[in-house]
Amino acid sequence: MSTAENASADAKSASGGVRPQGGSLVLLTFILAIVFVGSTLVGHAPWKLHEVQNLEIVQSMADSGDLVVPMQAGQPALDTPPLYPLTAVELVTVERLAQYVPQTDAARVASGLYLAITLVFAGLLGRLTWQPAVSKGVGPAGAMTVLLLLGTLGMVWFGHDAIADSALIAGATMGLYGLLRLPKSVFWGGLWFGTGAGIAFMAKGLLGPAILGITAVAMPFLATWGGLGRQIRGLILGLLFAAPWFLVWPWLLHERDPQLFDQWLWGNTLDPYLNNLALGTPEENLEWLWTALVMAFPAWLLAPLALLLRPGAFFGLPGVRLALLVSVVGWAVMLVAEPAQPVDALMLLVPLAVLGAGAVTRMPDLLVMPMKWVSTLLFGLVAVALWGLWGYFRFQGQLPEIEQLAAYIPADYGYAFQPGLYLVAALATVIWIWILMRFRSPNPSALLAWPAGVVMTWALLALHQPLVDQVIAERGMIEEPGVGELALRFEKSAEAADAQSSAPEATSSEAAAPAAE
């Protein structure tokens with residue numbers, strides 16, 4: 001695309017309809033981010049198996065007071081360092097928080113804290129990446145990065161879960177911001193890079209620091225930094241800030257029990273990566289590709305589009321080269337590292353969102369209009385269904401007489417009106433409707449309908465949290481085993497649940513043992 005065409009595209013995006021100004025978009029993003037972080041965060045039962053496992057570790061650590069060796073079902077749980085349960089336990093001890101949040105919800109509060117850190121540093125990273133190109137019609141890229149991250153399906157599915165990956169994505173985002181900050185400030189760049197790498201290590205082990213380290217070493221080959229001397233000083237300073245995170249807990253673990261230290265270091269940290277690096281079968285690689293496409297939607301659509309619509313960005317903006325490099329390195333590590341799980345790819349959504357932010361203001365009409373209509377229809381149906389169900393419960397006090405609905409909702413569900421959640425859900429819905437009416441296609445501002453719809457959906461789900469809890473319990477999606485066993489477990493299908501309910505009690509207990517393992 002020529003310079004004249006670029007200028008024409010920017011002029012069209014600026015004049016094609018109502019467009020939010022920088023300050024108003026930042027304020028809107030701030031409101032949506034707060035609603036997203038807080039919705040469905042506390043006050044409900046675990047919805048996924050990994051949540052149950054982490055909640056058990058937090059409960060065990062809080063009860064025993066042992067902050068060095070996390071325990072699960074009476075056994076050391078050393079798959080990952082204990083930053084996440086440590087954060088949750090420390091939140092339990094905060095007197096003001098303990099008055100409002102039950103101990104069982106502390107892990108989710110920790111998830112909300114790390115999610116907020118992720119969004120803050122993602123916004124800073126996006127703004128720093130595209131700041132030199134603001135005069136070319138990029139717009140407030142920090143706010144757009146946050147909105148795009150909120151709208152990705154991976155963040156929607158895993159963002160509120162009580163999992164250590166919430167700390168991993170926060171540390172990785174902080175580390176990337178530090179790397180990009182180095183040309184302007186060796187101290188602050190080294191501080192954020194080292195601290196982010198340390199948080200990522202204490203969250204999930206070597207995966208996050210490995211991706212950050214490979215990216216840092218490869219950056220000079222893309223001329224991303226301002227000099228070899230600055231690079232070396234920044235890395236040394238980053239290592240100094242990372243040292244406490246990398247050394248304190250392993251040293252305490254070794255002092256407690258050298259055998260447990262060896263089990264963690266060799267069995268759970270080094271050996272899975274050093275001795276299990278392989279590309280995998282074609283089927284596994286296709287599965288990873290599908291995972292990437294689903295989790296990163298719609299960011300993976302906008303990221304390559306930004307490189308096409310702004311071809312000079314790769315050569316002129318170090319942040320664009322950094323985001324592209326860490327994406328390539330990260331997905332390559334995910335492919336060859338056997339211990340990597342789909343949830344670990346959460347940290348790779350941030351660089352894709354950063355890249356995609358550069359494409360928003362130049363989105364072609366052929367993409368803006370269908371995305372606006374898809375957002376309108378999809379979230380409109382969701383809003384009508386969830387508000388309609390809430391209204392019926394609120395004023396009738398019972399289930400609607402719909403056979404298909406009765407198959408999913410327990411007949412004895414007891415509705416309880418929660419004014420606070422109602423006000424938040426109403427606010428999110430009003431914001432979504434206002435965006436639909438205010439920003440029309442083909443103006444790129446119409447794309448706000450997608451992240452605002454995602455936030456509205458989560459706010460409406462928070463309004464129905466007790467119902468979701470009871471549906472999960474009634475349908476056997478998560479079932480509690482005997483006292484002292486590891487965790488709640490998923491039932492694979494309704495047929496499996498029916499078969500188990502009709503089986504003898506001994507058979508049920510035998511089936512629970514492999515699931516606990």
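Q: How many helices and strands does the chain have?
A: The secondary structure of this predicted model comes to 25 helices and four strands.

Q: What share of the residues is buried?
A: The chain has 517 residues, and 50% of them are buried.

Q: What is the average pLDDT of the chain?
A: The average is 80, and 77% of the residues score at least 70.

Q: Where does the pLDDT fall below 50?
A: One such stretch is residues 1-17, which has 17 contacts in the model beyond near neighbours in sequence. The pLDDT also stays under 50 over residues 477-517.

Q: How many contacts does the model have for residues 477-517?
A: For that stretch the model has 48 contacts beyond four places in sequence.

Q: Let us turn to helix packing. How is a pair of packed helices described?
A: The description uses the angle between the two axes and the distance between them.

Q: What are those values for α21 and α22?
A: Helix α21 covers residues 419-438 and helix α22 covers residues 449-463; they pack at an angle of about 160°, and their axes are 8 Å apart. Because an angle over 145 degrees counts as roughly antiparallel, α21 is roughly antiparallel to α22.

Q: Is the crossing of α21 and α22 left-handed or right-handed?
A: The crossing is left-handed.

Q: Which residues make the contact?
A: From α21 the residues are L421, Y422, V424, A425, A428, T429, W432, I435 and L436. Helix α22 contributes A449, A452, G453, M456, A459, L460, A462 and L463.

Q: What classes do the residues in the contact of α21 with α22 belong to?
A: There are 15 nonpolar residues and two polar ones, with no charged residues.

Q: Now α15 and α18: at what angle do their axes cross?
A: The axes of helix α15 (residues 299-309) and helix α18 (residues 349-357) cross at roughly 50° and come within 7 Å. That angle makes α15 oblique to α18. The crossing of this pair is left-handed.

Q: Which residues of α15 and α18 meet?
A: On the α15 side they are A299, L302, A303 and A306, and on the α18 side they are L352, A353, L355 and G356. By class, the contact of α15 with α18 has seven nonpolar residues, one polar residue and no charged residues.

Q: Changing topic, what kind of peptide bond joins F297 and P298?
A: A cis peptide bond joins these two residues, with omega at about 0°. For context, most peptide bonds are trans, and most residues other than glycine have a negative phi. P298 is placed in the loop between α14 (282-295) and α15.

Q: What is the phi of T40?
A: T40 has a positive phi of about 55°, although T40 is not a glycine. T40 lies in the loop between α2 (22-38) and α3 (49-64).

Q: Is T40 buried or exposed?
A: T40 counts as buried because its relative accessibility is 2%, and the limit for buried is under 20%.

Q: What about the phi of A73?
A: The phi of A73 is also positive, at about 55°, and A73 is not a glycine. A73 sits in the loop between β1 (71-72) and β2 (75-76). With 35% relative accessibility, A73 counts as partly exposed.

Notes:
Residues numbered from 1 in each chain as written. Predicted model: local features only at pLDDT ≥ 70, side-chain atom pairs only at ≥ 80, totals over all residues. Heavy atoms only, no water. Axes fitted to C-alpha atoms, helices over the stretch in contact; angles between N-to-C directions. Helix = DSSP H or I, 4+ residues; strand = E, 2+ residues; numbered from the N terminus. Parallel < 35°, antiparallel > 145°, perpendicular 65-115°, else oblique. Left-handed = near helix turned anticlockwise from the far one by under 90°. Contact = heavy atoms within 4.5 Å. Nonpolar A, V, L, I, M, F, W, Y, C, P; charged D, E, K, R; others polar. pLDDT = per-residue confidence, 0-100. Buried < 20%, exposed > 50% of the residue type's maximum accessible area, 1.4 Å probe, protein only.
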